[in-house]
Amino acid sequence: MALVLNDEQTMLRDNARGFLAKNAPIAHLRALRDKRDADGFSRALWKDFVELGWAGILVPQDYGGLELGYVEAGVVMEELGRTLTPSPFLSTAVLAATAIARAGNDQQKKSCLPKIVAGELIATLAVDETAKHHPEKIAMPAVRAGNGFKLNGAKTFVIDGHVANLLIVAARTSGKAGDTSGLTLFLIDAKAVGVRAERTSTVDTHNAARITFDDVSVGADNVLGKIDAGWDVLEGVLNAGRAAVAAEMVGASEEAFSHTVTYLKERKQFGKAIGEFQALQHRAAHLYCELEVTRAAMLKALQTLDDSYDRSGAIVSVAKARAGLSATLAVQEAVQMHGGIGMTDEFDIGLFMKRIRVCQELFGDSNFHADRLARLSRY
C-alpha cells in the first residue's frame, strides 16, 4: 500500500487543520494554562469534535460511529499535535473506543459506544503503576469476592483520569508481575466507592491523573474480554495508542520545524538572513529527511493496524521509537536555531518541546520500543 493519504483522508486532514487553526490555536493551550482550568481542556471544543464526528471515528456504524480506521484517527492526532490541543480524543476516541469495540460484549458495546459517539462519556485506560511504561509489570491485584472482584492499588499517569467517567483498568487476577498471562481488564465507574483520582500536573499543560483503588467492588459483568486473558487485548489497545501518539509527535515536530524555517528566513545577522548560512541549511535539510522517514513509518503503522491489527506490534514500535527520536531532534534544533530566545515563554518552541517530552514517555519511550522490537524480531 502506498504511504500516502487517499482523497478522503486528505480531505479530513485539511478540514481538521483548518478547524483547529481557527478554533484551537496554541493561544488556546496558553489560555487553559494561564487560568489553571480545572478540566484542562475545553468541553465546548470537545462538543465541536463530537459534532464533527471525530469521537466516533473508530466506533462501528451499528453503534452510531463513522467506522473509519486508524489512519483517519492518526490524521486527527497529527493535527492536534500541530496545535498542541488538549482533548479527550486519545483517551476516549482511540484507547477506550478500541478496547470496547474489540473486546466488549454486546451489552458493553451498546452501553458505552453510543455515549462515546455522542460525547456523553469520557473514558480512559489505566495501565501503568510505575514511573516508566512497563505493562507486563502490572501487579495490582483483583481478588475474587463473591460473584465479582475487589481491586486494591494505584495507577499512574492515567490520561484524562481526573475527568473520566469510565476507567478501563488492567489488573492481575492470577500469576505475578512480569507474567503476560493472568491479566484481566475491567470497566469501572470513575465515581464508584473506593475510587479516587488525583490530577497530575504535567509540564505540557495536558491531562493525567493518579488513581487509587481501595477495596473497589467490580461485578463479573464488568470484565472486558476474558478473565486472565487480557494481555492480547491490552497490547492491541496500547498499539493503537502508540501509533496515535506517534502521529501526534509527527504533527508537533513538523510544526516546530515550520516555525524554525520561518525564523531562519526572517532573522538577519551580518546583513543577511541566517537561513542563508550553509551550516544551518545542512541541519535543516537533515531534519527534514528525518521527519519524512518518520512520517512514512507512522503511516505504515496506522495502515497495518487497519489491515492486520493483531500483527502490528513490530511496525508500531518502529514508528513510536522513530517519532520520539526525530521529534526530540526537531525541538532541540528549533531551540538552538532560535538561539536563547527559543526557550522564552513568548515563543511557542518551548511548548512543543514540553509536549514532545511527555509524548516520548507515553506508552513507552524510544528505548522501550527498541527493546520491544528486538524481542519481537526473535519470534
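Q: What makes β2 and β3 a hairpin, and which residue in the turn has a positive phi?
A: In this predicted model, β2 and β3 form a hairpin with two residues between them, and Gly146 in the turn has a positive phi of about 65 degrees. Four bridges join β2 to strand β3 (residues 148-159), and the two run antiparallel; since two strands count as paired when DSSP finds at least two bridges between them, the four bridges here meet that condition.

Q: Which residues of β3 stand opposite Val143 and Ala145?
A: Val143 stands opposite Lys150 in β3, while the bridge partner of Ala145 in β3 is Gly148.

Q: What makes β2 and β6 the edges of their sheet?
A: The sheet is an open one of four strands in the order β2-β3-β7-β6, with antiparallel pairing. β2 (142-145) and β6 (195-201) each have a single partner strand, so one side of each is left without a neighbour in the sheet, and both are therefore edge strands. From one strand to the next, the twist averages 10 degrees.

Q: Why do β1 and β8 count as edge strands?
A: A further open sheet of four strands has the order β1-β4-β5-β8, with mixed pairing. Because β1 (123-126) and β8 (223-224) each have a single partner strand, one side of each is left without a neighbour in the sheet.

Q: How do you know that β1 and β4 pair, and in which sense?
A: β1 and strand β4 (residues 166-172) are linked over four bridges, in the parallel sense; the condition for pairing is at least two bridges, so the pair qualifies with its four bridges. One of the positions concerned is Thr124, whose bridge partner in β4 is Leu167.

Q: Which helix lies across β1, β4, β5 and β8, and at what angle does it run to β1?
A: Helix α5 (residues 89-103) lies across β1, β4, β5 (183-189) and β8, running at about 80 degrees to β1.

Q: Which residues have the most contacts inside the largest nonpolar core?
A: Trp54, Phe89, Leu90, Leu151 and Phe213 have the most contacts inside this core, which has 108 residues. Its largest share, 14 residues, comes from helix α7 (residues 231-266).

Q: What does Phe89 touch, apart from residues up to four places away in sequence?
A: With those residues not counted, Phe89 touches Trp46, Trp54, Ile57, Ala73, Val76, Met77, Leu80 and Val94.

Q: Why is His28 called buried?
A: The term buried requires a relative accessible area under 20%, and His28, at 16% relative accessibility, therefore counts as buried. His28 lies in helix α2 (residues 26-34) and, leaving aside its neighbours within four places in sequence, is in contact with Ser42, Leu45, Thr85 and Pro86.

Q: How do you know that Thr304 counts as buried?
A: Thr304 has 14% relative accessibility, and the limit is under 20%, so Thr304 counts as buried. Thr304 has its place in helix α8 (residues 278-307), and its contacts, with neighbours within four places in sequence left aside, are Tyr309, Arg311, Ser312 and Ile315.

Q: Why are Cys112 and Cys359 called buried, and how many disulfides does the structure hold?
A: Cys112 is buried because its relative accessible area is 8%, and Cys359 is buried because its relative accessible area is 1%, where the cut-off is under 20%. The structure holds zero disulfides; a disulfide would require a pair of cysteine sulfur atoms within 2.5 Å.

Technical notes: Residues are numbered from 1 along each chain as its sequence is written. This is a predicted model: local features need pLDDT of at least 70, side-chain atom pairs count only at pLDDT 80 or more; totals for chains, interfaces and linings use all residues. Side-chain values use heavy atoms; hydrogens and water are left out. A nonpolar core is a set of buried Ala, Val, Leu, Ile, Met, Phe, Trp, Tyr and Cys residues joined through side-chain atoms within 4.5 Å. Buried means under 20% relative accessible area, exposed over 50%, partly exposed in between (1.4 Å probe, protein chains only). Contact means heavy atoms within 4.5 Å. Axes are lines fitted to C-alpha atoms, for helices over the stretch in contact, and angles run from 0 to 180 degrees between N-to-C directions.
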